[in-house]
Amino acid sequence: MKVEISKGIEELKFALLSPEEVRRMSAVKVITPDTYDDDGYPIEKGLMDPSMGVIEPGLKCKTCGGKVDQCPGHFGHIELAMPVVHIGFIKEIYSILSSTCSNCGRIKLPEDKLKEYFERIKDTANKLSDIEYDDIVSEVESDASEVVICPHCHFENQKVALDKPTTFREEGKKLTPKEIRERFEKIQNDDLPLIGLDPKVARPEWMILTVFPVPPVNVRPTITLETGERSEDDLTHKLVDVIRINQRLRENRDQGSPQLIIEDLWDLLQYHVTTYFDNQTPGTPPARHRSGRSLKTLVQRLKGKEGRFRSNLSGKRVNFSARTVISPEPFLSINQVGVPAKAARELTVTETVTEHNFERLKELIKNGPGKEEEIYRPGVNYVYRADGSRIKISEKNAGEVAEKMELGWQIERQMEDGDIVLFNRQPSLHRMSMMAHEVKVLPYRTFRFNLAVCAPYNADFDGDEMNLHVLQSQEARAEAEILMKVQENFLSPRFGGPIMGAIHDHITALFMLTYRNPLIPLEAGLHIMSYINVDRTPEPIEIDGKKYFKGRDMFSLILPEGVNIEFKGKLGDKSLDPSGTEGTIRIEDSKLLNGAIDENAIGQSKGVLLDYVLRKYGNAEGAKFLDNLTRLAAGVISFNGFSTGIDDEDVPGEAKAQLREVGNEAVQKVEKLIENYKNGLIGMEPGKTLEDTLESMVMKTLSQAREKSSEIASHYLGMDNSTVIMARSGARANMMNLAQMAGIIGQQSIRGQRQHRGYTNRTLPHFKKGDIGAYARGFVSSSYKEGLNPTEYFFHATGGREGLVDIAVRTSRSGYMQRRLINALEDLKVSEEGKVLDTEDSVIQLEYGEDGTDPSRSFEGDSVDVDYLVKEIFGKKYGGKK
Amino acid sequence: MHEMVPEHWLVSVKEEEKILKSLGVTKGQLPKIRKSDPVVKALEKVEGEISPGRIIEIVRKSRTRGIAKIYRTVIGE
């Protein structure tokens, strides 16, 4: 059976332009080095001859009669007085010169050897790959260039040397391009395949230019400045040089000037032609503009990051987009984005006038384009009539145009609240890097969004900028709203959990609101609850004639109806709460009965409660919950206030003494270990040398010391301490960080080992040679609060640097890995039947993921969460999980 | 055979059409497997010569799906 293969490009062939072909395709022979005359008209047979195409609207091309947008442009040509070398073929010219005989033009190999090579090339039965062909060509070249006496005509050849950039020498004697061309003309067509040329499309002498193609004016347009001044393209400048020198060379040659002058001019022509192709040829000073800027010639147009390929073909720019700095706004929904009024006036949505929107659009046009100092009111910037002509709306003509408006007109309407836009932050590493938001036009100059949305974009507000794209068609808006809206991307396909959630102060605030169920005075409670979007308040309780709200009741307000869940919070069993119950969060019938709300309940990517709400009530309800949650948190924390300082890590004198004791004890223990080691009292652990055993024991001792200091610090730092609240609730930092500030920083390591590199037998000259004690190997017994001594500081810096280097190396490496993976998979698609297909409709997977499961809708890697279903259907008694 | 190598079965010529129809694909669309593939060589010892164009069924174990059946078309070399 024949396995079908889809269409593909089989072959690409590059050929050389012959002088005849250059003349044949030429529309004009350019002989004048000038562009325009004093009246601004292009000079006949000049560089801007209208036969080479038109760039000014209204004019017609002399060759094809087309106008600006119809005429593709036509080449012209320059007849060179003397031939010059094409810089792009220097290597090829050199290799042909060395491998052919200068007398008879044959490849300098004996007939039988040539035959042998021909056999290999012509072996059509198993078609040669391009690489194999290239290999044979270079083999021929290296074989033939060794030969001195030509096996065909027995001529004694001399060695040719390339004097960069463009001069060839034979035994010190200069070979002129003319001579090279004569030699190349002698090469037989039959020999060309062994040189790597196809005689049907290329001859070696065509690598030496005798006729010079002049690109169409479209390729090098004249720019007219506002002042009316004309400025020519760099290529045109270069062509002027070429023609000028070419003319002088011809005159001198025809007058029979001295050989020296002709040679100088010839070299100059070679220089101009070379820099016309590539202005960065090594060994050639770049041609410069009068201002000193080097000219951008052909190679520079294509090459590099700013070249045609990477900048214009691989990367394109779009309209209807904006970019500015971002900042936070907790009062926006996670689905919204705040757009500055200034941007909203520029960004437009194109609407076609129909019977249904006629009146609305008429009103919009009447609003005009609006003024910056006015309060924002959407208007219209441009109107397109049915015939395609454009009217710019100004304050003056707004009313007039509104009256004339007809069905079928296109209105470019300014942004209004509720428009759907795409919002993006680079690097766009996953699908959540570009999500759809609803617009809310706001004053000032930044894009704003809810803090919970920082996580999917990986954004912060230290100067980050983001891009916004306005959708232009109904289909695009509908698709974006269904597939790309923020709330539709709640669950990440990476781990199947909510990627958005409460962060930092949200967690701190709600933890403080629910930890030990505090009493909140009536007025304060009402103020805080005014932040959220609910229509009821909890029942206040009365103590000593004063009314209070309970914190947990206030939190319960934002829960959807029917929440029943019990799970372990961050405090767990080791709660600092004497009763030890704060770690179990129990919600029955949407009432928070027990526990402190913390990171495990509402935090991003681990919030159990958030996950529950999303799965049970859907994305819309989830978004509402998170919106209210961020507002409530903002209310609580701004009413109570919350701050921290270094004195949060103050510990009493007795604690300080204890910590010092722990440090000293550890150091002494290490010394004891080393002494035992020196006396041979330590036994080897399995799989380790004696030194390794000692190292691991020392490391263990020192890490125990740090743990101990952590315990002491935790003991003295209570829940009345801001930093402890943050650490315990999971808002930021952990207890170890606090212990490092208050107690002992601990061992500084490099590649998981104690610091050991540096001078001979010691890390720093401050220690004795051979000292392997705690301090000599990077143990830091000071705290961040006290400060480090110089050696400690140094070790700390080395450890810190390792972290930085690690991150730099890891991100670049994994980034490139991911890029390659994406490039390999980017055009796979999931068909309607759920098959994964490539662009040729070949099957990659018969069912997506071979199980057809959407990872963002799976449960911890399983397709269905059976326990949850059992619990929901049969009541919690039957729930499988504890 | 090694436990990490999933089960490979040769699909009989009679069944080929039925399977392709149920999958809604043509033979050419299926992923390929070389005749020189060690598994195909091993399978040839049991089934005799396997000519290019035959279909091989691969049965993989899957945590989420139990078993997943995949089909590949044998190609030359």
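Predicted model: local features only at pLDDT ≥ 70, side-chain atom pairs only at ≥ 80, totals over all residues.
Helices (H or I, at least four residues) and strands (E, at least two) are here taken as DSSP runs, numbered from the N terminus. With this numbering, Arg516(A) is placed in the loop between helix 16 (504–514) and strand 18 of chain A.

The domain assignment of chain A lists domain 1 (86–206), domain 2 (321–489), domain 3 (504–640), domain 4 (646–805) and domain 5 (829–873). Between the C-alpha centres of domain 1 of chain A and domain 2 of chain A the distance is 64 Å.

The surroundings of Ile602(A) illustrate the packing: leaving aside residues up to four places away in sequence, Ile602(A) touches Gly501(A), Ala502(A), Ile507(A), Leu510(A), Ile597(A), Gly607(A), Leu609(A), Leu610(A) and Leu629(A).

Strand 2 of chain A and strand 3 of chain A are paired in the antiparallel sense over four bridges, and three residues connect them in the hairpin. Within this pairing, Ala161(A) has Arg169(A) in strand 3 of chain A as its bridge partner. The loop between strand 2 (160–163) and strand 3 of chain A contains Pro165(A), and the peptide bond joining Lys164(A) and Pro165(A) is cis, with omega about 5 degrees. A cis bond is found again from Gln426(A) to Pro427(A), where omega is near 0 degrees. Pro427(A) is located in the loop between strand 14 (420–424) and strand 15 (434–442) of chain A.

Strand 20 (residues 546–550) of chain A is joined to strand 18 (residues 519–521) of chain A by three bridges, and the two run antiparallel. In this pair, Lys550(A) of strand 20 of chain A is the bridge partner of Leu519(A). Strand 20 of chain A likewise pairs with strand 19 (residues 541–543) of chain A, in the antiparallel sense and over three bridges. Here Ile541(A) has Tyr548(A) as its bridge partner. The hairpin of strand 19 of chain A and strand 20 of chain A has two residues between the strands, and Asp544(A) takes a positive phi near 50 degrees in it.

Further backbone angles of this kind deserve attention. Most residues other than glycine have a negative phi, and most peptide bonds are trans. Arg516(A), although not a glycine, has a positive phi of about 60 degrees. Arg516(A) counts as partly exposed because it has 14 C-beta neighbours inside 10 Å. Asn458(A) has a phi near 55 degrees, again a positive value in a residue other than glycine. Its position is in the loop between helix 14 (454–457) and strand 17 (465–470) of chain A, and Asn458(A) counts as partly exposed, with 14 C-beta neighbours inside 10 Å.

Met741(A) belongs to helix 25 (residues 735–742) of chain A. Because 20 other C-beta atoms lie within 10 Å, Met741(A) is buried. Not counting residues up to four places away in sequence, Met741(A) touches Glu649(A), Ser783(A), Tyr784(A) and Lys785(A). From Met741(A) to Arg762(A) the separation is 21 residues in sequence and 28 Å in space, C-alpha to C-alpha.

Finally, the two chains meet where 17 residues of chain B are in contact with 13 residues of chain A. Strand 4 (residues 66–75) of chain B supplies the largest share of the side of chain B that touches chain A, four residues. By class, that side of chain B has eight nonpolar, seven polar and two charged residues.

Terms used. Residues numbered from 1 in each chain as written. Chains lettered and ligands numbered in written order. Contact = placed C-beta atoms within 7 Å. Pairing = 2+ DSSP bridges. Buried ≥ 20, exposed ≤ 12 C-beta atoms within 10 Å, placed from the backbone. Nonpolar A, V, L, I, M, F, W, Y, C, P; charged D, E, K, R; others polar. Domains from an automatic or database assignment.
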